[in-house]
Amino acid sequence: MSSSLFVQLLVNGIIVGMLYGIVAMCFVLIYKSTQVVNFAQGEFVVLGAWVCLSLVVSMGLPFWLAFIFTLVFMTIFGVVVQVLLLRPLVGEPVISVIMATIGLSTFMRALMNWVFGNNAVSFPPVFGQSTIEILGLRVETAYALSLALSVSVMVLFFFFFRYSRWGLAMRATAYNQQIAQSLGVPIGRVFAMAWAISAIVSAIAGVVIGLVNAVSNSLAFIGIKVFPAVILGGLDSIVGAIIGGLTIGVLENLAEYVDGQYFHVGNMYAVAPFYVLLIILMIKPYGLFGTPNIERI
């Protein structure tokens, strides 16, 4: 492998991995605040992409205005899902809430098939040039936008959780819901905010992926594809989600090259993250940065 090709694969892996990282943060955010894994996360990504594309194509809005309206729509959508579907399940067994998210995933997939169809649709040209040069490497403009948005989202997450009042409330809720509620933290609002933020970040990821690969309902697979990154970093660790996403992104690119040059299996790109998932589960079941759950008998 030449050094230039290795650097190109590494850069592409980092860019894609950052995108995986912000989707993984959505899993972690909801899990930390509600102790629930959202199995409809991939459908959130697809819905954001479809809404933005429809505003651009059907209503003729400029991309940036359509992008803002999409974020507003997804904010409302996340709150509605939490209030109407999940809030009535507060106090029920966790498995009931997980099954509700699986049902939501199936319902959203069927609804999007009915409304938007099954065909892949590309965004109209958004940027003046399709690629830009970064440190001597040619990178697609959409991927550069992805990197910029991913870094911005991560920085905003850091300041939000570290310094804002609601960020502190979410951290307290994640630590112990009962204690937080006894101290006056509005748990219901915290849950709604967690789902709203998750929907917003999912929409950002969906739009960026749609700009590169076109929009189709098959993009929902990213919800399962990112799960190894979540487990790798730790299901309750924001930092772990970022590192897990970067690791999986780089691993995918390197696995594709190695498979094409040596093994010729044909699916190493897709299955390599799950090999890592199995190894991590055997060595560190709680992930690299996850918190072990110790119970006294």
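User: Where does Ser216 sit?
Analyst: This is a predicted model. In it, Ser216 is in the loop between helix H8 (187-213) and helix H9 (222-225).

User: Is Ser216 buried or exposed?
Analyst: Buried. Its relative accessibility is 11%, and the cut-off for buried is under 20%.

User: What does the Ser216 side chain make a polar contact with?
Analyst: The side chain of Ser218, at 2.7 Å.

User: Leaving aside neighbours within four places in sequence, which residues is Ser216 in contact with?
Analyst: Val46, Trp50 and Ala120.

User: Switching to helices. How do H2 and H3 cross?
Analyst: H2 covers residues 41-57 and H3 covers residues 63-86. Their axes come within 9 Å and cross at roughly 140°. That angle makes H2 oblique to H3; roughly antiparallel would need an angle over 145 degrees.

User: And the crossing, left-handed or right-handed?
Analyst: Right-handed, as H2 passes H3.

User: Which residues meet there?
Analyst: From H2, Phe44, Leu47, Gly48, Val51, Cys52, Leu55 and Val56. From H3, Phe63, Ala66, Phe67, Phe69, Thr70, Phe73, Met74 and Phe77.

User: How many of those are nonpolar, polar or charged?
Analyst: The contact of H2 with H3 has 13 nonpolar residues, two polar and no charged.

User: New topic, Glu252. Which helix is Glu252 in?
Analyst: Helix H11, residues 238-263.

User: Buried or exposed, that Glu252?
Analyst: Glu252 is buried, with a relative accessible area of 0%.

User: What does Glu252 touch, not counting residues up to four places away in sequence?
Analyst: Glu252 touches Tyr20, Lys225, Tyr269 and Pro273.

Key:
Residues numbered from 1 in each chain as written. Predicted model: local features only at pLDDT ≥ 70, side-chain atom pairs only at ≥ 80, totals over all residues. Heavy atoms only, no water. Helix = DSSP H or I, 4+ residues; strand = E, 2+ residues; numbered from the N terminus. Buried < 20%, exposed > 50% of the residue type's maximum accessible area, 1.4 Å probe, protein only. Polar contact = N/O pair within 3.5 Å; in protein donor to acceptor, adjacent residues only side chain to side chain. Contact = heavy atoms within 4.5 Å. Axes fitted to C-alpha atoms, helices over the stretch in contact; angles between N-to-C directions. Parallel < 35°, antiparallel > 145°, perpendicular 65-115°, else oblique. Left-handed = near helix turned anticlockwise from the far one by under 90°. Nonpolar A, V, L, I, M, F, W, Y, C, P; charged D, E, K, R; others polar.
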